[in-house]
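Please look over the model below before reading my comments.

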Amino acid sequence: MLPRKRVPGAENEENQAAADEAQLKKTRGGDLISSSAAMEEENSWANGMETDAVGSKQAEIDEDLHSRQLAVYGRETMRRLFASNVLVSGLQGLGAEIAKNLVLAGVKSITLHDEGNVELWDLSGNFFFSEEDVGKNRALACVMKLQELNSAVTVSTLSGTLSIEQLSNFQAVVFTDLSLEKAIEYDDYCHNHQPPICFIKSEIRGLFGSVFCDFGPEFTVFDVDGEDPHTGIIASISNDNPAIVSCVDDERLEFQDGNLVVFSEVEGMIELNDGKPRKIKNARPYSFTLEEDTTQFGVYKKGGIVKQVKEPKVLRFKPLRDALKNPGDFLLSDFSKFDRPPLLHLAFQALDKFRHDKGRFPIAGSEEDAQQLIDFAVNINESLGDGKLEDIDEKILQHFAYGSRAVLNPMAAMFGGIVGQEVVKACSGKFHPLFQFFYFDSLESLPVEPLESGDLRPLNCRYDAQISVFGSKLQKKLEKARVFIVGSGALGCEFLKNLALMGVSCCPRGKLTVTDDDVIEKSNLSRQFLFRDWNIGQAKSTVAAAAAMSINPSLHIEALQNRASPDTEDVFDDAFWESLDAVINALDNVTARMYIDGRCLYFQKPLLESGTLGAKCNTQMVIPHLTENYGASRDPPEKQAPMCTVHSFPHNIDHCLTWARSEFEGLLEKTPNEVNTFLSDPSAYVSSMRNAGDAQARDLIEHVIECLDRDRCETFQDCVRWARLRFEDYFSNRVKQLTFTFPEDAATSTGAPFWSAPKRFPQPLQFSSSDPSHLQFVMAASLLRAEAFGIPVPEWAKNPKKLADAVDKVLVPDFQPRAGVKIVTDENATSLSVASIDDAAVINDLIPKLEECAKRLPPGFRMNPIQFEKDDDTNYHMDFIAGLANMRARNYGIPEVDKLKAKFIAGRIIPAIATSTAMATGLVCLELYKVLGGGHKLEDYRNTFATLALPLFSMAEPVPPKVMKHRDMSWTVWDRWIVEGDLTLRELLRWFKDKALCAYSISCGTSLLYNSMFPKHKDRMDRKVVDLVKEVAKVEVPSYRRHVDVVVACEDEEDGSDVDIPLISIYFR
């Protein structure tokens, strides 16, 4: 059993026991059981709700818990979710996955419905079930464990017959095991209900899956794709019909023909500033045509922002009874199977007919049952008239029949993500719904050798459903597999659950190793479902491994807390890598992915790669000798704003927040650290600064002196004074200096206006203690300054009125701009420090002042450096950064943002939701069947890019590796050339000569062992290569390692052309 979620208010055992009792309280009839402590009216806390002044319920969003999800959905969508009641009917694997994703997302309530009892067969699909649950009602067996995931969601059950009237209690209903006859009845009711109830029917049948959505006669999508509206900075607008709008080449425009846009801040052609949406066409990277006659408008002078207007979209769904006959366009996932969806549309109807007539599923391996289903499909096809299929692939239908009873975990994970996202769309209007049928299969996952019917027979074990599809031989391979999962965060939790259900590494010969050096944080709990609130601060890998073992006690797993990197190659040594059958990445950064990719290349191990970004996900299969490696193709690096733009000429809120984060780290972390470094050993510090003698050293000393002299704080009032003067410096004095140096009418060296787009001319701010945003900045800055100096915070510090009184007592000196001040305007500059030939002399002048500052400090004085932590809303870090950014935005006339949006940008939060994570891991595990089964060709594997927002699924064969050739030899990036024996350098060169190659350079790491251009290297000809590696490259060869690796540069012996050869491994022992 997974660890149980504590109920709020259960601080002691008596409270917890009372809460547990309340969770089992019956609330309706004999078959509805609620897991919440009481009905909603008695338990507003349990649903994250609060009552406003007029008595209505308003969702209170826990931003610490849901920050990554908020980055995807936004507050409004989250509030709609928090007000939604959902029914999930059918609690085999698919229903459990859907319910898990919705509970993590935070709907108001979920009602689980299932009239069936848990069978041993179900244990390979539903991770909530254990062998102790066999014989219990499925819904009742799930309810408590689902409630553990989120105490703010009311989870209840219906274990009896579902009446059609009960559907009116829900905004969305999901059915995962429902006959077509009943589905049509329920859908008709939902479609015609006022307001309509969103109806979803989804099924998993072996390696086949389907989804049908009906959100009513008119469903409004408020945000089709979830992307931020695109914007552009205007450079010119013509007085034409139609008008041509050009934008600065700072960033490419992302507009498309037909988009609506609005204009603002346009000078001259002010008619465009009326807020009216206008349609564009001929969209290009830096210009577009406006469908408007501007010949009578004012002449464009300068400035202007153009912003996309996102229009709501109304969809008209057909009810199921009509859609079955006229399904329209199917949503495709794999263009190599463009003709598959119509066949599967028939197959699922034929299976429904079979179950209706026989009262059971086709038996796995029964040709008679398969033929019966095929006959049903043929008959249905014949009844379609002109719409019938010309050709029916009976082999596909046979596979469909054989595995139709099985609910496979990878399929459930994948479809649980898809359907879970459709429910979110139904409840919120966020993202485009699936319209209306989606069919999918992964027949390529089947073993390459033909399956005998006897191999599909059940063995009375928890893997029987999987065996009915893949056979017992593959099941044994899965159990014996040795797999390495790198990371145990959101992806890692899903992978561990999936592999435990699949039986991977579930025998003594198998082993699953998981490693992660991170610990659990509160924000993890909204996606990383193996963790609970009391696990916060514990090692992710250890907790996740224990939870995975509770899903399947047979799992043979080892949890490590080591970061897989060059520093841990004594832990993950050669023997470890050579023992593996597959590696699964569950990482969140490119550097770590590249390292693991390199290891898999070197040891020729399959790597299953995946990643998510909000509603998007991708998977990549890296298979030895079949596909290119992960590092073979790289995304271009993100464009960074020039330093001068960030520091002096921002034109969007990202620039302001980047600057604010930099100021936070400089003032509160780097400078206090520098002070402590100086105070720890003043003489050594002074010596190192003198030796450096550059602009950077000069700046560091100046910052330390400033911190310990002019800006030193001894009382909280000093901190208030410092904060008030910082405000004046940042948002008034610096702006006055900038506009004095570059007046509004300033020109560049070419005569062009200096303040032309994208530059924005700033205005200084006048501080006012009555402005809440000004006062909030001072409060956050004062509190953090006090923390850095170890100064007690008085009670009045957080009282706005008393703080305002303290601020008003601060004397602010007048500021006069100075001539000759240098402000960096070069976009290629990498530092704001201006080097000078006098830097060393200035440093010598500053050192006595530095030493004098130290004398005035109390004995043992040290500062408290503050490291930025975005996920603690009580520490004032984000208050300070948001205040810095928004005041700067106010200077430059840039729209301000709230603290949450500031956290996303400054905290570099990666948007994440449970649904896309679940889908990605399901897709990867379908590929894992192929990897561990062995023998599959390139065309059997699939890489995937998907976005659940649109939705869009794009699957394709992986790209093969590039082949290099020389004479009759060929190789790829996967190859290593093995040289056996403890060779001398001369013998190694002869080895290459035998291959018609002339080796002119041999290196190990960064050291050159041999180069034909260096006469002295000829003295090394009779030295052993391994000795040169040890002596020249200073490489220690561990006792367990039998070889050394060298990089050799070669040319063709005949024509002298360079030949790019593989890595050379010399096995010397």
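Predicted model: local features only at pLDDT ≥ 70, side-chain atom pairs only at ≥ 80, totals over all residues.

1. Residues are numbered from 1 along each chain as its sequence is written, and side-chain values use heavy atoms, with hydrogens and water left out.

2. Lys201 is in strand 9 (residues 198–205); strands are DSSP E runs of at least two residues and helices are H or I runs of at least four, numbered from the N terminus. Lys201 counts as buried because its relative accessibility is 8% (buried means under 20% relative accessible area, with a 1.4 Å probe and protein chains only).

3. A polar atom of the Lys201 side chain lies 3.5 Å from the backbone oxygen of Leu178. Beyond its neighbours within four places in sequence, Lys201 has contacts that include Phe175, Ser179, Ala183, Val211 and Leu320 (contact means heavy atoms within 4.5 Å).

4. Lys201 also lines the largest cavity, and among the other lining residues are Glu203, His345, Gln349 and Tyr439. Helix 7 gives the largest share of that lining, 3 residues.

5. Strand 7 (residues 154–158) is largely enclosed by the rest of the structure, because 5 of its 5 residues are buried. Thr154, Ser156 and Leu158 point one way from strand 7, while Val155 and Thr157 point the other way.

Definitions and conventions: Buried < 20%, exposed > 50% of the residue type's maximum accessible area, 1.4 Å probe, protein only. Polar contact = N/O pair within 3.5 Å; in protein donor to acceptor, adjacent residues only side chain to side chain. 1 Å grid on protein atoms, 1.4 Å probe; cavity = no way out; pocket = protein on both sides within 12 Å on 5 of 7 lines; lining within 4 Å.
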